[in-house]
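Reader: I am new to reading protein models. Can you take me through one, feature by feature?

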Amino acid sequence: MIRRQRLAAGVCALLAALTAGIAFPAGAVADETDQAAPKVELVLDVSGSMRTRDIDGGTRMAAAKQAFNEVLDATPEEVQLGIRTLGANYRGDDRKEGCKDTEQLYPVGPLNRTDAKTAVATLAPTGWTPIGPALLKAADDLNGGDGTRRIVLISDGEDTCQPLDPCEVAREIAAKGIGLTIDTLGLVPDAKTRDQLSCIADATGGTYTDVRHKEELSDRVGELVDRAAEPVVTPVATEGADRCEKAPTLKSGLYTDRAGFGQQRWYKVDVEPGQELRASVSVADDRAVQPNYGVLLRAVTAHGREIVRGEAAGTGRTDVVSTGLRYPRPESDDDAAPAETVCLQVTSSFSAASGVKTTPGLPLELTVDVVDGPSGHHDVAAFGLGRGWWLLGTLVLIGFLAGLLWGWLSRWRVAVWRTN
Amino acid sequence: MRITRVMGAALLALGLAAGPAAADSSPSPSASADGDAPTRAGTSFRTATEIDQGQQATASGSTGDYLYWSFPADTGQRPTVRATVKLPDAHGFETWQLDVYDGLRRRQSCQYGAQTRTAAQGAGSVELACVLRTVRGWAEPWANDPLPGTYYVRLTVVDLGAADLGKPVGAEVRVDSKGIGGAAAVDGSLGKPLVPGIAVTSEEDKDGAKGAVLSSFGSDDGWSSGWWSDRWVWTGIGAVLAALAGIGGYVLTRGSGRPSRVPPNV
């Protein structure tokens, strides 16, 4: 009895282990990459208003300087960091002059902490707040290289150099370069500053932070610089066509494009027999849009027949709306069967809020993966197997009836044999 | 007597069949301890921070940020995503939302759980949860059933007063999953798990070069092959029981093997 129990326990444990033993996929950490160094430029507002003493009892400028010192100490080795100021030099009242006042304090490149800190120490709050021109220059500073590029803008007031809207400037910059993000930090901002800075951040997929304390400032800037150091896949720029025949042929990878409001984008992908096409698309709203939106991704044959579609719709605040599709192409008996050209059509139903510029188009991100197709499918249940008490009951009943019948048959057979 | 022993063994086997089924309902073991849980979140699908199931990931951000994490989920699991947002001291009404997307960036529905919740003025935190559907091994291309692969979690505020924008918040996210077992087992499996960029990753693996990847949950690290389910146990035991019942039925009708009216000495 004891032996049987032990055996039962052993078998039970084995079965439980087998059944529950679905191993977890272990997430491997992304390796260090040899891609070009990530570049970050800190853009600091040194306008007159930075003299205000309202951050933990000190001036805004003092808080910014302290934060910069801490960030410079903690900057990862691989990050190329630069510093640009706006409103640091011109003291006069001439708007035209004041709006040109932006200067590269420390060039983007391998960081010499002592030099950078010395340069920061010399700053004194002075002039205007030319955010737009400073962003344009900062984008130029970061030009070149394949790494991620990030601008961190720290300001305490809105742009004083209209009519150049810094928000539109940011959008233009993002449309020109790939992988450039602008994060903004508002030092004790008023409502207008907040709106403007958050608009700049939204235009490039960046973040906006409201800073009221010294620690918040250094923590946040440090975090943004660290984030730039993380390896990220850089998408490849492509330009979709307005119909399939003219569309660019894409291979597996990550792509980016711009799609105007109400515009279709077509791409082509070649799929061999037995392969599966996976495509996903996200369209970001980088400006104020109406609260209801959607996106449609269709896979269409060269002759215009729809194979499969992915659609998504949403309402309310969002950064992107995304969808995807899968198209497993069946195996072919013919070994020489050619690759099929599948057309991918992307449309989004964002509509711009009133008074918002509709150019450049909305940023679109497309991932394409062509992988091995799925294994054959024949049944809703795995290998046609069953489970549950009904299955057991049915099998027992049928087995019992079959046994009865067989027993009766053999008895009858013996009886017949005997009689003869 | 032999029959009772056989039946006893059969009942024992029956109990064993129920055993694994019961074991399935316990939460799956966590992949790793909280030792090096991520303390940051991504801001887009592309930059989503990878977490393992059972890890308590934390992040600090600003109200209005879109925080992204990604986690792997395998066949037969039913993931539950829980998020807690720690709100600043003073704030107005804020509505927070947790969305889950699959490896194709298709939004996945929650079976239950408070996916969207409004924090009252000055509330200290909001708790959100989303219980996904069971991950299947295979689905038709036209369905958006959850499939094994990468899943994305997006946490964000969807409705807020303008004055609250940019205020610092803290977020905690944890994904656990329940093993559903054979009840969800279907025929067929994907060629590769639904991990974005996997076609590029596997090519690079061949070259030996490794760059940044969209999602590093690889094709060979421990995804279930999809052939095992407790249906094998159920069906196997059913077959054994059917055989035993057949023998029982045979013994009952056949009698001692010799017709009673035939005298033993013939």
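Reader: Which residues touch the most other members of the largest nonpolar core?
Author: Start with the general idea. In soluble globular proteins, nonpolar side chains tend to be buried together. Now the case here, in a predicted model. The largest nonpolar core has 139 residues. A:V43, A:L135, A:V283 and A:L344 touch the most other members. Helix α2 of chain A, residues 60–74, gives the most to this core, with 7 residues. Domain 1 (39–229) and domain 2 (236–372) of chain A each provide at least three residues of it.

Reader: What is A:L344 in contact with, leaving aside its neighbours within four places in sequence?
Author: Look for A:W266, A:Y267, A:V269, A:A279, A:L297 and A:A299. Another core lies apart from the largest one. That other core has 11 residues, including A:F400, B:W234, B:I237 and B:L244.

Reader: Now the sheet. In what order do the strands of the open sheet in chain A run?
Author: The general idea comes first. Strands of a sheet pair through backbone hydrogen bonds, either parallel or antiparallel. In chain A, 5 strands form an open sheet, in the order β10-β12-β17-β14-β15. The pairing is mixed. At the edges are β10 (249–250) and β15 (306–315) of chain A, each pairing on one side only.

Reader: How many bridges join β12 to β17 in chain A?
Author: There are 7, between β12 (residues 265–271) and β17 (residues 340–348) of chain A. These two strands run antiparallel. For one bridge, find A:W266: its partner in β17(A) is A:Q345.

Reader: How far apart are the C-alpha centres of the two domains of chain A?
Author: The centres of domain 1 and domain 2 of chain A lie 35 Å apart. Their contact takes 9 residues from domain 1 and 8 residues from domain 2. On the domain 1 side, α6 (166–176) and α7 (191–204) of chain A each supply at least two residues. α6(A) gives the most to that side, with 5 residues. By class, the domain 1 side has 4 nonpolar, 1 polar and 4 charged residues.

Reader: And between chains, how many residues of chain B are in contact with chain A?
Author: Count both sides of such a contact. Here 92 residues of chain B are in contact with 93 residues of chain A. On the chain B side, α3(B) gives the most, with 21 residues. Others that supply at least two residues each include α1 (2–24) and β9 (149–160) of chain B. By class, the chain B side has 45 nonpolar, 29 polar and 18 charged residues.

Notes:
Residues are numbered from 1 along each chain as its sequence is written. Chains are lettered from A and ligands numbered from 1 in the order in which they are written. This is a predicted model: local features need pLDDT of at least 70, side-chain atom pairs count only at pLDDT 80 or more; totals for chains, interfaces and linings use all residues. A nonpolar core is a set of buried Ala, Val, Leu, Ile, Met, Phe, Trp, Tyr and Cys residues joined through C-beta atoms within 7 Å. A residue is buried if 20 or more other C-beta atoms lie within 10 Å of its own, exposed if 12 or fewer, and partly exposed in between; C-beta atoms are placed from the backbone. Helices (H or I, at least four residues) and strands (E, at least two) are DSSP runs, numbered from the N terminus. Domain bounds come from an automatic or database domain assignment. Two residues are in contact if their C-beta atoms, placed from the backbone, lie within 7 Å. Ala, Val, Leu, Ile, Met, Phe, Trp, Tyr, Cys and Pro count as nonpolar, Asp, Glu, Lys and Arg as charged, and the others, Gly among them, as polar. Two strands pair if DSSP finds at least two bridges between them.
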